[in-house]
Amino acid sequence: MNRSSTGLPQRGARLLAGVLAAGTVVVGASTGAVAAGAGSAGGSGACAGSGPLPRACAQPGDLIDVTLGELHPTQAVLGFDQVFYKLGRYGSDRDEAAGGFNKRFDDWCETNGQGETASVRPGARLDDPTSFTCTVPLGQETAKSIAPMKTAVIGPGGKLYLTDGHHTLTSFLEGPDGSTRLPIRLRVTDNFSSLSPAAFWQRMSAEKKVWLRDENNKPLGVDQLPDRLGITDFRDDPYRSLVYFTRDIGYEVPDGASEFLEFSWGSWLRGEHDAAAYDLTSPGPYLDLVKSASKSMAALAPDAVVDDGKTAAQLGRIAEWNGGKKETGGEFAKLGKPLTDAKPGKLAEALDYKSRVRHAPACTTKITGVRNGPLTVTDGVTCAERAALRGPVTVRAGAALVLTGSTLEGPVQSDRAAAIHVCGSTVTGPLAISRTTGPVRLGGPGCTANSVTGAVVLTGNTGGVLLAANKVTGPVACSGNLPAPDNTGRPNEVHGPRTGECAGV
């Protein structure tokens with residue numbers, strides 16, 4: 001994709017220049033204004049007037065207000081360690097202790113086209129943009145401030161498909177004040193709303209605006225893409241994380257950056273280095289892998305083909321490893337700084353957060369698609385992944401249930417189970433979980449929050465209970481749990497009484 005010196009596609013840069021010259025920087029469906037000549041996508045009648053307009057009216061270059069819950073991913077994988085770095089940083093107070101602002105406010109301002117943080121009130125939250133300010137006020141955006149914004153394509157029915165920013169926006173969603181209602185602005189690159197779904201995905205594939213490979217670099221179908229943001233809905237590709245940590249050591253993001261550049265590097269590294277041979281929970285071995293991988297990247301000839309016809313030069317191969325500096329200096333030395341340092345490296349912060357993630361047990365039975373009728377888990381580990389369960393669920397002693405990215409219409413009754421993990425799911429019906437010997441996880445690190453309509457009753461669980469950032473419409477009652485339930489600093493939104501150990505969770 002051709003880009004201008006600001007980082008915008010040439011077509012978008014020309015549109016932006018016209019908008020800036022006209023003095024109306026922010027345009028689009030959410031603001032009730034449309035760029036000159038807009039309206040063909042949604043019909044001249046639908047896109048006329050001064051009131052709120054359909055998303056189908058948005059044109060390339062428009063900036064539109066969205067919430068995280070409206071966005072549809074165009075990739076199925078993330079580098080989880082990159083997200084873990086951001087979440088570790090967002091949940092730390094070291095920025096404030098150093099006299100600055102928490103990084104999540106800087107990241108939000110940059111993503112919103114507003115530069116950096118200018119001020120933060122006590123108790124400020126990302127989901128309340130009135131509680132902090134950015135250096136570039138709304139309406140005074142420039143080409144420079146708009147260039148780092150994340151991008152979206154308008155699809156059939158006016159749906160919003162995110163084409164850049166999956167890691168950043170997932171970090172916002174999973175962060176200390178994240179939710180599906182968190183607002184952000186995106187820059188529209190294309191409006192394909194007039195196409196049929198089949199033609200839409202053909203166009204997206206032809207223009208390389210979708211990444212249809214899994215965590216093992218195997219092909220995926222569009223029906224296997226997540227339908228929403230949330231770390232639970234994605235697969236983890238360690239090579240994508242590896243590429244993130246080699247940035248400015250083995251490669252630099254070029255001005256003409258192509259879509260999914262980091263995934264292209266990851267595909268190449270997969271054939272050069274065996275990530276499974278390294279302990280990616282330990283700083284030393286992880287840093288050794290980053291060093292080896294980044295040196296391989298820097299050693300490539302500029303015209304060497306890396307992936308899908310793209311050369312090392314096109315993908316930003318660095319001229320000299322680590323900017324020509326020794327291991328004890330430059331970005332490599334910064335990356336390796338321990339957590340005890342006044343300015344810890346990204347790797348240390350990522351691994352510190354990663355150590356808090358409680359992993360679900362391996363599945364012995366998997367459920368996908370629609371399942372009607374009662375489900376009784378008598379032994380092993382039953383995993384429902386992107387499933388629709390309609391009927392009561394019972395978990396017997398010693399068995400385990402893992403519910404991820406799914407919907408459940410019916411009550412859940414569990415007694416003396418080995419483990420219960422419910423992440424990124426919608427449950428309509430009460431949850432009664434008692435005497436679990438292993439972990440009970442309803443939200444928390446690495447587990448997207450849930451929506452529950454019905455009572456949540458947690459009693460006598462002894463393997464640790466995480467109850468974090470969920471939306472519960474109904475009472476929450478907790479007693480006899482050792483230790484008491486933990487919200488990991490992310491309070492639940494409860495529409496109903498909270499009692500016992502959950503009175504303050």
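Biologist: Which helix does Gln82 lie in?

Modeller: Gln82 lies in helix α2. A helix here is a DSSP run of H or I with at least four residues, a strand is a run of E with at least two, and both are numbered from the N terminus. This is a predicted model, where local features need pLDDT of at least 70 and side-chain atom pairs count only at pLDDT 80 or more, while totals for chains, interfaces and linings use all residues. Residues are numbered from 1 along each chain as its sequence is written, and side-chain values use heavy atoms, with hydrogens and water left out.

Biologist: Why is Gln82 called buried?

Modeller: Its relative accessible area is 5%. Buried means under 20%, exposed means over 50%, and partly exposed is in between (1.4 Å probe, protein chains only). The value of 5% is under 20%, so Gln82 counts as buried.

Biologist: What is Gln82 in contact with, leaving aside its neighbours within four places in sequence?

Modeller: Gln82 is in contact with His167, Arg240, Ser241 and Tyr244. A contact needs heavy atoms within 4.5 Å.

Biologist: What makes α2 largely enclosed by the rest of the structure?

Modeller: Count its residues: 11 of the 11 are buried, so α2 is largely enclosed. The buried residues include Phe80, Val83, Phe84 and Leu87, and also Lys86 and Arg89.

Biologist: Why is α2 called roughly perpendicular to α12?

Modeller: The axes of α2 (residues 80–90) and α12 (residues 346–354) come within 7 Å and cross at roughly 90°. Each axis is a line fitted to C-alpha atoms over the stretch in contact, and the angle between N-to-C directions can run from 0 to 180 degrees. Under 35 degrees is roughly parallel, over 145 roughly antiparallel, 65 to 115 roughly perpendicular, and the rest oblique. That places α2 roughly perpendicular to α12. On the α2 side, the contact is made by residues including Phe84 and Tyr85, and on the α12 side by residues including Ala350 and Tyr353.

Biologist: How many aromatic pairs does a search of the whole structure find?

Modeller: The search finds 18 aromatic pairs.

Biologist: Why is the pair of Trp108 and Phe132 called edge-to-face?

Modeller: A pair of aromatic rings is described by the distance of the centres and the angle of the planes. Rings of Phe, Tyr and Trp (its six-membered ring) pair if their centres lie within 6.5 Å; planes under 30 degrees apart count as stacked, over 60 as edge-to-face and the rest as tilted. Trp108 and Phe132 have ring centres 5.2 Å apart and planes at 90°, so the pair is edge-to-face. This pair links distant parts of the chain, with Trp108 in helix α4 (residues 103–111) and Phe132 in strand β5 (residues 132–134), 24 residues apart. Trp108 and Phe132 are both buried.

Biologist: And what makes Trp211 and Phe263 a stacked pair?

Modeller: Their ring centres are 5.1 Å apart and their planes stand at 20°, so this pair is stacked. Trp211 lies in the loop between α7 (197–206) and β9 (235–236), while Phe263 is in helix α9 (residues 261–270), so the pair ties together parts 52 residues apart in sequence. Trp211 is buried, as is Phe263.

Biologist: What sits over the ring of Phe263?

Modeller: The charged end of Arg240 does, 5.5 Å from the ring centre. For this, NZ of Lys or CZ of Arg must be within 6 Å of the ring centre and within 35 degrees of the ring normal. Another case is Lys295, which lies over the face of Trp321 at 4.7 Å from the ring centre.

Biologist: How do you know that α9 is largely enclosed?

Modeller: In α9, 9 of the 10 residues are buried, so the helix is largely enclosed by the rest of the structure. Its cover includes β3 (77–78), α8 (238–246) and α10 (283–299).

Biologist: What makes Leu375 buried?

Modeller: Leu375, found in strand β13 (residues 375–377), has 9% relative accessibility, so it falls under the 20% limit and is buried. Not counting residues up to four places away in sequence, Leu375 touches Ile367, Leu389, Pro392, Val393 and Thr394.
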